Every structure is written in structure tokens, then in C-alpha cells.
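Work through the exercises below with the sequence and the structure in view. Try each task before reading its solution.

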Amino acid sequence: MRSLLLAVLAAIPIAGLAQPTPYAGKTVTIIVGYKAGGGYDATARLLARHLPKHIPGKPTVIVQNMPGANSMIAANHVYNVAKPDGLTIGTFNRNLPVAQLTRVDGVKYDMTKFAWIGSAASECTILALRTDLPYKSVDELKKAGKPLVIGATGPGANTYDFPLLLKEFLGLNLKIVTGYQSSADIMLAIERKEVDGRAGSFTSIRPFIDRKLVRPVLRARADEPGVEQLPIDEDLAPNPRAKAIMALRSAPEIVGRPYVMHPNTPPELVKVMREAFAKAIEDKALVAEATKASMELNYVGADVAVKVMKEMLSQPKDVVDEFSKYVKFGE
Amino acid sequence: MHKNASLTLSALIMVVSGYGIIAATAWPWKAALFPLVIGVPLFALAAAEALWILFGADPASEEARDFQLSIGKDTLRRTLAATGWIFAFFVAIVLLGFPIAIPLFVFLYLKLQGREGWGISIAITLGTWGVFYGLFDLLLHLPFPSGWLFEWFGSS
Amino acid sequence: MLEALLEGLVLVLQWKALAFMLLGILLGFWVGLLPGLGGATTLALMLPFVYTMQPVEAFAFLLGMHSVTATTGDITSVLFGVPGEAASAATVIDGYAMAKKGEAGRALGAALASSLVGALVGAVALAAAIPVVRPLVLTFGSPELLMLGLVGIAFIAALSSPGGRGMLRGFLAGALGLFLATIGQDPQAGVARYALGTLYLWQGLDLVPVLVGLFAIPEIIDLVVRGTSIASAAPAGKLSHGAFEGVKDTFRHFWLTIRCSLIGTFIGIMPGMGGAVAQWMAYGHATHSARNAEERRGFGQGDVRGVLGPGAANNSKEGGSLIPTIAFGVPGSTAMAILLGGFYLLGLVPGPDMLSKHLPVTFSMVWTIVIANVVTVIACFALLNKLARLTTVRGSLLIPVILVLVFIGSYTSNNHYGDLVVTLLFGAVGYLMVLAGWPRAPLVLGLVVGKIVENNLYISMARYEAAWLTRPVVLVLIAITVAVIVYPLFQARRRAAAARA
């Protein structure tokens with residue numbers, strides 16, 4: 001009897017070892033909705049280097065670029081064309097739910113139906129002003145006599161949308177000048193005193209804050225280490241509708257670097273990926289590389305991501321209509 | 001030849017800019033300004049060129065600072081052949097995917113159009129395909145979709 | 001400053017740094033040569049390997065690789081008429097024409113030698129500008145960039161054939177280019193302009209598929225029609241004038257080469273101008289050096305000056321575009337954006353520090369550009385005459401390979417079949433243009449400059465209202481624009497007067 005029991009007990013871990021590792025010898029592809037060299041691409045390549053050791057079977061992980069239409073082409077591809085075999089991961093523009101919400105022509109995906117892995121980082125948008133300007137707080141800004149010139153890249157980008165809502169709902173005296181090629185060009189314009197400040201992701205503005213060129217004044221909802229002391233725009237909203245619209249704009253930033261797979265991917269493979277991502281993002285080697293590259297990764301789980309998506313896409317019609325007046329889908 | 005080509009181009013540009021001007025009128029003025037400021041003169045210039053061709057005196061043609069197409073024996077037939085091969089390569093890429101289309105095209109071109117010998121055709125085909133595969137696929141992992149034909153048959 | 005200069009040199013001359021530089025050069029050679037291997041993509045791929053290196057080594061590698069691509073990109077332009085890099089497109093016009101005349105070796109020699117001169121000028125400018133670089137870049141705001149774009153457009157006049165008819169066609173092509181530049185989402189209202197219901201056109205036309213279609217495809221069709229080798233117009237079917245002749249040409253037209261290098265450096269310094277503009281303006285300027293109508297007509301048929309100008313400019317712009325990247329953290333091009341990523345990786349903060357505390361590192365970059373280019377040119381020289389012999393090979397052997405390069409080069413812009421469609425479409429347009437005698441260069445210039453002009457116009461108007469027109473630099477640039485347009489007309493009138501006399 002006892003020997004039989006021992007034999008059974010011994011067999012269990014052996015049975016576990018004999019479990020086929022679905023990823024052994026395979027290649028996992030991360031499809032990035034942008035060209036090489038941008039933030040989404042850099043994050044994906046960083047993850048691609050460190051994921052293999054956290055996925056059972058140690059597959060090869062490669063990155064492919066599928067740019068176009070602010071990554072809508074990549075999203076459509078992963079949703080419709082990619083095979084649901086767990087070997088294709090997609091990462092794209094965090095603002096894709098806005099495209100779905102505002103019913104942009106060409107949307108062939110549903111953000112709530114993707115098999116979510118999670119988000120590799122949150123990206124908080126902040127408003128930063130040149131340090132030689134006397135405004136240090138939002139109250140001082142509200143009392144500003146002449147308009148502050150804010151540089152932006154174009155509608156749909158956080159450089160444009162964030163200050164637009166601040167102007168409309170918080171009544172800040174901002175003049176938004178748009179058309180700059182990239183956020184780096186806006187920084188140059190700030191140095192030149194052509195514009196007085198800009199909005200943008202905290203990560204991209206941080207080097208300039210450290211260099212004391214600009215000073216942060218206000219932030220959006222998403223949490224990121226470093227922005228804790230700043231006031232949140234929603235908290236200053238004058239009425240619930242304004243607050244809802246601002247929240248709707250910032251919601252995607254919580255899921256700042258979304259990673260998803262085809263909707264029909266087998267759940268056990270999705271589970272493997274989620275665990276792998278969570279572990280990889282904590283991986284010491286990855287953290288060291290990320291810090292050197294001024295990237296800050298933090299894993300936001302799939303459940304939070306799906307919750308955010310569902311909340312965004314179930315807003316009442318009048319909120320969506322007013323939102324669409326201000327915020328369009330862009331970069 | 002010169003005049004026909006010039007006329008065709010002018011007509012095409014008039015159509016394109018005409019469409020552009022009409023489409024632009026539906027947009028908010030900031031988006032429409034530039035397309036209109038360029039589109040209207042573009043239409044006018046194209047019309048001017050077309051009129052000059054149709055009614056103007058034929059000048060000792062001002063040559064563009066560009067090369068001139070050769071005229072040899074069989075020009076039309078060869079031009080059509082060249083265009084055909086280029087288009088066929090494109091179709092092959094779309095239907096079969098780069099990895100198959102490339103060696104297929106290279107080999108067929110060398111044998112059929114170039115009438116080269118077997119040895120050299122195979123050698124160049126293998127060389128080209130090897131560099132393509134080794135560099136762009138193995139090393140750089142560039143995405144080359146597998147071709148529509150395979151997708152149609154794969155899904156059926 | 002002088003000691004930082006020497007310190008920088010010493011940093012580069014260490015064994016490890018040199019070794020990495022050579023490795024970078026080797027990689028960069030192929031990246032520039034093959035259309036489809038974009039400089040920017042490969043840099044992004046190389047970035048991870050850079051993590052473990054010291055700053056000077058890392059930059060020796062990255063910069064070594066990058067500075068070489070501008071040089072070797074000219075090689076495929078000359079030999080096959082296919083631009084190896086977007087910045088090598090202008091070299092195709094006269095370079096490939098020279099190859100057809102059997103002077104491929106000479107063209108290659110000229111391209112390489114002028115590239116070296118350009119790179120050196122760019123590096124010297126980078127070093128010399130360091131004390132004034134910040135005030136210089138800060139003076140050039142959006143109104144000034146707008147004017148520079150307009151100067152660029154004015155060069156369309158220079159790129160057109162002389163005479164009323166020639167100008168009409170030149171401006172027609174230029175206006176078409178400007179119009180095509182409006183395709184895509186606009187940055188004022190977010191409208192997806194002229195997207196024709198596709199997602200592909202949301203971001204507008206990418207330059208490489210257009211260039212490759214416009215220039216390479218008509219040449220390929222022509223090669224099939226001729227049924228000979230590329231160098232079919234060569235006297236007695238033999239190659240003449242090897243690479244060394246090209247070097248001599250660079251010195252025969254030394255001041256032109258220097259001026260074009262300066263144009264390239266200057267455009268490179270201006271963030272947002274883009275790498276493609278410099279070569280066309282240099283080409284346009286090179287045509288100004290034609291002394292009579294006969295010479296003018298020679299451009300496009302294989303005038304070596306048409307190779308010297310762009311060859312110098314596309315290298316000098318590299319040194320120039322390092323300036324905003326290092327001094328302000330604002331990358332002057334996609335490749336620079338990636339290099340910037342490398343900066344942060346290695347703990348360096350672009351900004352005033354790079355020009356003071358870390359000056360030796362900055363100088364080590366200057367030296368890297370210099371040494372990398374010298375090494376490349378010397379290494380390539382041995383190959384040039386052999387490479388030139390490819391132009392005597394039967395066309396039918398080369399054509400399929402060239403077509404493969406064309407299609408891959410186009411496809412890797414966006415990894416989308418739309419790229420191939422664009423190439424085919426512009427191949428047809430290019431063919432018609434050549435048949436009709438229309439110049440193609442202005443179309444490219446319009447396409448490249450269009451967005452610069454539109455965006456900066458809106459910014460300038462929004463920010464300064466009409467006051468931007470009275471800014472000093474703007475006035476100077478207005479004068480230059482007028483000069484560029486009027487000069488060819490003036491020249492033509494003078495020649496007509498001389499002819500009558």
C-alpha cells in the first residue's frame with residue numbers, strides 16, 4: 001500500500017515534468033504598430049530580450065514593425081489576421097480605444113475582446129512650463145494676464161488634447177500652437193522662447209525637468225513614480241461632465257503600453273504570457289537596462305486593463321458626443 | 001511621343017488636382033487651406049501646359065535636365081515586356097509572398113527574357129535568394145507575409 | 001577647447017574604440033549599399049548590443065556605422081540608378097547618366113571623394129560651431145524654418161530647364177510634389193486628407209517608395225529596351241576614366257564641393273528640415289555653376305558636378321544634424337533620434353553639458369566621423385574600378401537582381417504592400433515624365449518640403465501673427481529666395497544678350 005502511494009506521489013511531479021511546454025522551440029513575434037526607434041518599439045525590444053527566460057520552453061522572441069495609421073493597421077492585423085496560436089503579440093497606440101469610441105472609419109477591432117496580457121508601463125501626461133516663467137501652481141496660472149503659448153504636434157496627441165481640455169474646462173488662458181514635427185521640436189521651441197510650455201508624457205519631459213528647462217505644473221490621472229505631488233486635472237474640474245471627459249482622455253494612459261493577443265488565443269497560453277510579462281518586468285537585468293535608457297516599466301495586469309477598456313467604451317452617448325468634439329484619434 | 005506623354009500627364013494632373021480641390025472644400029478651413037493654395041495653381045499650370053501642347057507652336061524641344069529614353073529596335077514590344085515583367089513580379093509577391101516570388105521571378109526572367117543558360121540562371125537565383133533570406137529574414141526578422149494564395153487556401 | 005579636441009582624439013584612438021568603429025563601418029557599408037536596409041532600422045537593431053559598451057566605444061560603433069551609410073548609398077545610385085538611401089537620390093540623376101556613358105568609375109570616385117570632403121567639412125563645422133551652436137540654433141525659429149523651406153522651393157526654379165516652357169514644367173512638377181505632400185492626417189484639424197479610404201495613406205506618402213519608383217523603374221524599363229549593358233553609351237564599349245579621375249574632378253571643382261558641403265551642413269543643423277532636402281538644394285546650386293546653355297543642358301546627361309554636389313551635401317548634413325542632437329537633445333533625423341536613445345543609455349544628457357563638461361566625448365564623435373569616412377573612402381577605393389565593371393555586364397543578368405532590390409527597398413519602408421503599389425504608380429509617373437521631357441527633381445523637392453512649409457506657416461502665423469515677416473533672418477532668407485528664382489532668369493538673359501552680340 002505504502003509503496004503504491006509513494007509511487008503515485010512520485011509520479012505526480014514526473015507527470016508534471018512530462019507536460020509539453022507549448023512554447024518550446026517556437027518563435028514568438030511581437031508586432032509593434034510603429035516604426036523602429038520610437039517608445040513603443042524600444043519597450044517591445046527591451047521586453048523581447050528578457051522574456052525568453054521567463055516563458056517555459058524558452059522560445060525566441062522577435063520584434064516586427066507594422067507601422068501605419070497610428071498603429072490601427074497593426075491592431076486590425078492582430079485582431080483579424082494573426083493566428084490565435086499564442087505566438088503573436090501586438091503592442092500599439094494606447095489611444096486606440098479612442099478610435100473605437102469615436103467610431104473612426106477603418107476600426108476593425110474591439111479593445112475589450114482582445115486577449116489581454118497587460119500593460120508594460122503607465123504613461124502620465126503632464127503640463128510643463130519654462131522655468132523662467134513665474135507660474136508655479138494652477139492658481140497662479142488661472143490668474144495669468146496674457147495667454148500662455150503651448151506648443152503641440154497635432155489633434156489626437158497628448159501634446160494637443162491635454163492642454164485643450166485644460167483650456168476648455170479649467171479656463172486656463174492657453175493658446176495652443178500646433179504643427180510641430182515632434183515633441184522634441186517643441187522642446188527646442190521652448191528654449192527659443194517661441195512657446196512657453198508643452199504637455200507630454202512625463203518620461204519624455206523628465207530629462208528636461210532635470211535639466212531645469214521646464215517645471216511640471218499639472219498632471220493627468222495615471223500614476224507614475226515621480227508625479228505624485230502634482231495636482232490632477234480631473235480633481236480641479238468644475239462639474240461632473242468635465243471630470244468625466246478628462247477621465248476619458250486619461251484612461252488609456254493607465255494602460256500606457258498595451259500588449260494583447262488574438263481574441264481566440266487559448267486561455268492557458270494567455271495565462272503563461274501574463275505571468276511571463278509580470279516576471280520579466282521585475283527582472284533585475286531588465287530593470288537595469290530600462291533605467292539606463294530612462295524607461296520606467298511597471299506591469300499593469302490584464303484585469304485592470306480590460307476594466308479600463310470596458311469603462312471607456314460604455315460611457316453614455318452624451319458624454320461621448322461632447323468628448324468627440326474635443327478629442328480626435330491621432331498619434 | 002513627347003507631346004502625347006506631356007498631354008497625358010497634364011490631363012492626369014488636372015483630374016487629380018480637380019478632385020483634390022473639390023474634396024478639400026468639405027474640410028475645416030485650416031485643413032483645406034494648403035491643399036487649395038497649391039491645388040488651384042496646380043490645376044492652372046497643368047491646363048496651361050495642355051493648352052500649350054494643343055495650340056502652341058512646337059518649339060525646338062526644351063529638353064528636361066533628365067535622361068532620354070532610348071529608341072532602338074522593337075522599342076514598343078520591349079517596353080511592354082519590361083512593364084509586364086515588373087507588374088508580374090508585383091503580382092507574384094502579393095500572391096505568393098516574397099520568399100517564393102523572388103527566386104521564381106529571378107529564375108524565370110533570366111531564362112525566359114534573358115535567355116541565359118541554366119548554370120548562370122540557377123547560380124544568380126540561388127545567390128539572390130540566399131542573400132535575401134539570410135539577411136532580411138534570418139538576421140533582421142523583417143515581416144514578409146506569406147502571400148494571398150496561401151491565405152485563401154489555408155483558410156478554406 | 002584645444003585640449004578637449006586632443007583628448008577626444010585620444011579617446012577614439014584606443015584599440016577597443018577603433019575596433020568597434022571598424023565593425024560599425026563594415027556594417028554601415030552594407031546598410032548604405034542595400035536599399036531596404038535602412039540606416040534608422042539597423043541602428044535601432046544595434047542599440048541593444050551597445051548596452052555593454054563604454055560611451056566612446058558605443059559612439060564609435062554607432063557613428064561609424066551611420067556616417068558610412070551616406071557614402072555607400074551613392075554607390076548603388078551610380079551603378080544601378082537605385083538610391084541606396086533616401087539621401088542618395090539626387091546622385092542618381094547625373095551619376096547613373098555617367099555610368100551609362102561608361103564613366104561609372106569616375107562617378108564613383110567623384111561621389112566618394114566629395115563624400116569625404118563633405119564629411120570633413122561637416123565635422124569641422126561641428127567642432128568650430130561648438131561655441132556658437134546654441135545661439136545659432138536658437139535664432140532659427142519656425143518663421144526661419146518656413147523661409148528655408150521656401151528657399152528650397154525656389155530651388156525648383158533652378159532644377160527646371162531654362163526658358164519659359166522649361167520653367168512651366170518645373171513648377172508643374174514642383175507643385176505636384178507639394179500637393180502630394182498634403183496627403184495624410186493634418187496637424188491642425190486632424191483630418192485624414194486624401195486617404196482615399198485606406199489606412200495606409202493616413203500618414204502620407206513615404207519618401208523611399210516614391211523615389212525608388214520615380215527614378216529606378218524608368219531606368220530599368222529603358223535598360224530592357226536597350227538590351228545591352230548599363231554602359232551602353234560608352235565610346236567603343238569600354239570603360240573610360242576610372243575612379244582617380246573622379247577624385248581629380250573633386251579638386252577641379254573644389255569650391256563648388258565646399259559650397260555644397262556648407263549647404264548640407266547648414267540644412268543638417270536645422271532640426272526638422274530632414275535629410276532629403278540638402279542634396280536637392282546642393283544639386284540645384286551645382287547647376288548654377290554651368291557657364292552657358294550648353295553646359296546647363298549637360299546636367300542630367302552626366303555632368304560630374306551633378307554628382308559632386310549631392311555627394312558632398314549628404315555627408316556634411318550628418319555632421320550638421322549631430323549639432324541639435326548633442327546640444328539640445330533634439331534629434332535632427334530618425335537616425336539621430338535613435339542615437340539619442342543611445343545617449344541616454346550611456347548616461348549622457350544632451351544639452352549644455354555636452355559642450356562643456358563632456359566636451360571630449362563630443363569631440364570624440366567629431367573624430368569618429370572624420371576617421372570613419374577616411375577609412376571608408378580608402379577601403380572602397382580599391383573596389384571602385386572593379387565595381388564599375390558591373391556596368392559592362394549584360395543588362396539581362398542585372399535587371400532581375402536590381403528589381404529585387406527595388407521591391408525590397410520599397411517594401412521595408414512600412415512593411416506594407418501599399419509601399420509596392422506606390423512604387424509602381426510612381427514608376428508609371430516617372431516613365432511618363434521622362435517621355436514627356438518633364439524634370440523629376442522638382443517633384444521630389446516639393447514632396448519633401450511641403451510639410452515643412454505648411455506646418456511652419458501655421459505655427460508662425462499663430463504665434464507671431466504677421467510680425468514674423470519682419471524678423472531679420474527672415475528678411476535675409478526672403479532675399480535669398482528671390483535671388484535663387486531670379487538668378488537663372490538673369491543668367492538666361494545674359495546669355496541671350498551674349499549670343500546676339
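**Exercise 1: Cysteines and burial**

A:Cys124 has 0% relative accessibility and therefore counts as buried, where buried means under 20% relative accessible area, exposed over 50% and partly exposed in between (1.4 Å probe, protein chains only). The model is predicted: local features need pLDDT of at least 70, side-chain atom pairs count only at pLDDT 80 or more, and totals for chains, interfaces and linings use all residues. Residues are numbered from 1 along each chain as its sequence is written, chains are lettered from A and ligands numbered from 1 in the order in which they are written, and side-chain values use heavy atoms, without hydrogens and water.

Solution. 

**Exercise 2: A strand and its partner**

Solution. 
1. Helices (H or I, at least four residues) and strands (E, at least two) are DSSP runs, numbered from the N terminus.
2. Two strands pair if DSSP finds at least two bridges between them.
3. A:Ile126 has A:Arg219 in E9(A) as its bridge partner.

**Exercise 3: An enclosed space**

Task: Describe the second largest cavity by its volume and its lining.

Solution. 
1. On a 1 Å grid over the protein atoms alone, a cavity is a set of points where a 1.4 Å probe fits but cannot get out; lining residues have an atom within 4 Å of a point.
2. Grid points are joined across faces, edges and corners, and a volume is the space filled by probe spheres set on the points.
3. The second largest cavity holds about 150 Å³ of space.
4. Its lining has 14 residues; A:Gln181, A:Asp185, C:Leu145, C:Pro271 and C:Asn456 are the closest to its centre.
5. Two or more lining residues come from each of helix H7 (183-191) of chain A and helices H8 (142-159) and H20 (441-464) of chain C.
6. H20(C) gives the largest share of this lining, 4 residues.

Terms used. 1 Å grid on protein atoms, 1.4 Å probe; cavity = no way out; pocket = protein on both sides within 12 Å on 5 of 7 lines; lining within 4 Å.
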